[in-house]
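Please read them with the structure open.

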Amino acid sequence: MGAVVRQNFPHLPYAAARIGLGSEVLGYDTEMSADHDYGPCVQIFLPETGFSTLAADLMEVMDRSLPDTFEQWAVRYPTNVRPPAANGPEGMLGSDHGVELYTVSAWCERFLGRRFVTELSAGDWLSYSEQLFLTATAGAVFRDDIGELSALRDRLSYFPRDVWLYKLAAQWGRIAEERAYIGRTGDVGDELGSRVIAARMVQNLMRLAMLIERRYAPYPKWFGSAFSRLACAPRLSPMLMQVWSAQTWQEREARLLTACQFMAKLQIAKGVPGAIAPVLGSLHSRPFQFIDSLKIGDALRSAIEDEDLRTLPEFGAADQFLSGNFVLAVPDFSKATVTALLETSLKVEQK
């Protein structure tokens with residue numbers, strides 16, 4: 001592809017990358033990934049000015065110059081995720097092969113639902129699931145003469161300090177919501193219920209680990225794979241597996257207590273602002289063991305410098321209180337949910 005561009009458009013400034021959707025962008029693809037929408041693919045980003053004419057000329061050259069195969073993969077293959085070949089939105093153009101042409105703003109509109117030409121507000125950060133930020137920040141950039149794509153990836157690289165702390169505090173809050181329920185369900189003989197809550201707590205701790213190590217979490221299919229690559233995973237994974245494999249609620253509760261203590265100490269070791277040592281909590285003098293995760297969340301929240309963000313309700317970001325991928329994968333849906341919650345919480349405070 002690069003040789004074709006150099007030969008026919010030697011002075012063309014452009015960016016070339018493999019970003020967007022696809023397991024290969026995240027680095028998790030396997031042989032099974034090749035059963036749909038899979039083949040050699042690259043996004044070329046062109047200047048906004050004169051895009052339509054330039055894109056048409058470049059695509060015409062690509063259509064007649066690309067080889068039939070690349071590293072034994074067919075260059076032309078069916079997929080429903082490439083941009084339209086004709087009569088599509090302004091700023092994008094596709095064909096029957098894997099070379100896709102965009103402006104940076106059109107790509108953002110298509111995959112993120114808006115143009116990120118300036119810094120994001122706290123509400124913006126909270127309205128998007130982390131898996132959507134990965135569509136822009138994961139993958140490879142091979143060339144960027146214009147600089148717009150690199151600037152976009154820099155803006156979205158990770159949460160600002162205060163948003164990060166807010167999400168951390170909210171994640172500890174999720175743990176606090178059900179901190180005594182493994183024992184409470186087990187105490188009434190509800191073994192299945194105790195196991196379900198334990199599984200949910202394990203998932204919450206895995207997301208907490210991703211946040212502590214400042215890594216975006218992908219969608220559920222690859223969440224465990226992403227977690228396994230964390231620096232803390234070799235130590236934390238066995239603890240979480242023991243929570244799942246525990247045969248009694250007492251053992252399950254004890255294993256979860258150990259995992260929560262590990263996470264609280266990990267925050268301190270990582271230098272997370274506001275991190276405090278774990279202490280045992282109690283609830284109405286009941287005989288259940290857990291870490292006082294509310295105190296940990298409150299300490300993190302107190303370290304947030306932005307007063308508006310520090311005083312937000314504790315529901316966190318969209319992907320912390322929503323679980324349906326149908327909502328999380330569509331920016332307009334998740335943004336509408338967060339906006340409605342923020343507006344409702346403000347009305348409640350004003351009553």
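**Notes on cavities and pockets**

1. Start with the second largest cavity. Its lining consists of A169, A170, G173, S293, L294, G297, D298, R301 and E314. Two elements, α8 (161–177) and α14 (293–302), each give two or more residues to this lining. The largest share, 5 residues, comes from α14. Bear in mind that this is a predicted model.

2. The volume of the second largest cavity is about 60 Å³. By class, its lining has 3 nonpolar, 3 polar and 3 charged residues.

3. How many cavities of 30 Å³ or more does a search of the whole structure find? The count is 3. The largest cavity has a volume of about 80 Å³.

4. I175, R179, I182, M201, E253, L256, L257, C260, Q289, F290 and I291 line the largest cavity. Here α13 (249–269) and β9 (290–291) give two or more residues each. The largest share, 4 residues, is from α13.

5. The largest pocket holds about 760 Å³ of space. It has 39 lining residues, with L21, G22, S23, V81 and Y219 nearest its centre. Elements giving two or more residues are α2 (23–26), α4 (104–112), α6 (130–137) and α11 (220–228). The lining has 18 nonpolar, 13 polar and 8 charged residues.

6. The second largest pocket has a volume of about 600 Å³. Of its 20 lining residues, G39, P40, C41, V42 and F70 are closest to the centre. At least two lining residues each come from α2 and β7 (140–144). By class, the lining has 14 nonpolar, 3 polar and 3 charged residues.

Notes:
Residues are numbered from 1 along each chain as its sequence is written. This is a predicted model: local features need pLDDT of at least 70, side-chain atom pairs count only at pLDDT 80 or more; totals for chains, interfaces and linings use all residues. Side-chain values use heavy atoms; hydrogens and water are left out. On a 1 Å grid over the protein atoms alone, a cavity is a set of points where a 1.4 Å probe fits but cannot get out, and a pocket is an open set with protein on both sides within 12 Å along at least five of seven lines; lining residues have an atom within 4 Å of a point. Grid points are joined across faces, edges and corners, and a volume is the space filled by probe spheres set on the points. Ala, Val, Leu, Ile, Met, Phe, Trp, Tyr, Cys and Pro count as nonpolar, Asp, Glu, Lys and Arg as charged, and the others, Gly among them, as polar.
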